[in-house]
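Try each one before you read its solution.

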Amino acid sequence: MPQNDVPWAQPVRIRLQCGLERAFTGAYDALDFLENEWPLRHGERHERAVKTCRGALNGSTAGIIAREAFVAACLEAGMPSVLVPWKRKPTVHPARPARLAII
């Protein structure tokens, strides 16, 4: 991961047109895909996603905005996002005191 990447709290998983799934963890991954591997014509949402990902990388746009623009571009291109459940941190319960056995 490059030093200037803007990681997303939740990765975006999309289903490519060939049926494979791919995960994107931040603005850098998304921009690389948008500029170098985009499968279809470049529509309005694609252009917006490129601009917002660049903006996130240079600090002028929030990472969540770039993430949402990337998801919208994928939907426009017929690549739906795959919902992945949030990973919850396990809840830590305080240890119960040991019970004393009275004999």
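**Exercise 1.** Find what isoleucine 14 is in contact with, leaving aside its neighbours within four places in sequence.

*Solution.* Start with the list: Leu20, Glu21, Arg22, Phe24, Phe33, Cys74, Met79, Pro80, Ser81 and Val82. Next, look across to strand 2, where arginine 22 stands opposite isoleucine 14. Then check the core: Ile14 is among the residues that touch the most other members of the largest nonpolar core, along with Phe33, Leu34, Trp38, Phe70 and Met79. That core has 25 residues, and helix 3 (63-76) gives the most to it, with six.

Keep in mind that this is a predicted model. The chain's mean pLDDT is 83, with 77% of residues at 70 or more.

**Exercise 2.** Work out how strand 1 and strand 2 pair, and look at what lies between them.

*Solution.* Take residues 7-15 and 21-26: these two strands run antiparallel, paired over five bridges. Now trace the hairpin; five residues sit between the strands, and glycine 19 there has a positive phi near 100°.

**Exercise 3.** Is cysteine 53 buried or exposed, and how many disulfides does the model have?

*Solution.* A disulfide needs two cysteine sulfurs within 2.5 Å, and the count comes to zero. For cysteine 53, the nearest cysteine sulfur belongs to cysteine 74 and is 9.5 Å away, so cysteine 53 is in no disulfide. Now accessibility: buried means under 20%, so cysteine 53, at 0%, is buried. Cysteine 18, by contrast, has a relative accessible area of 60%, so it counts as exposed.

Notes:
Residues numbered from 1 in each chain as written. Predicted model: local features only at pLDDT ≥ 70, side-chain atom pairs only at ≥ 80, totals over all residues. Heavy atoms only, no water. Pairing = 2+ DSSP bridges. Helix = DSSP H or I, 4+ residues; strand = E, 2+ residues; numbered from the N terminus. pLDDT = per-residue confidence, 0-100. Buried < 20%, exposed > 50% of the residue type's maximum accessible area, 1.4 Å probe, protein only. Core = buried A, V, L, I, M, F, W, Y, C linked by side-chain atoms within 4.5 Å. Contact = heavy atoms within 4.5 Å.
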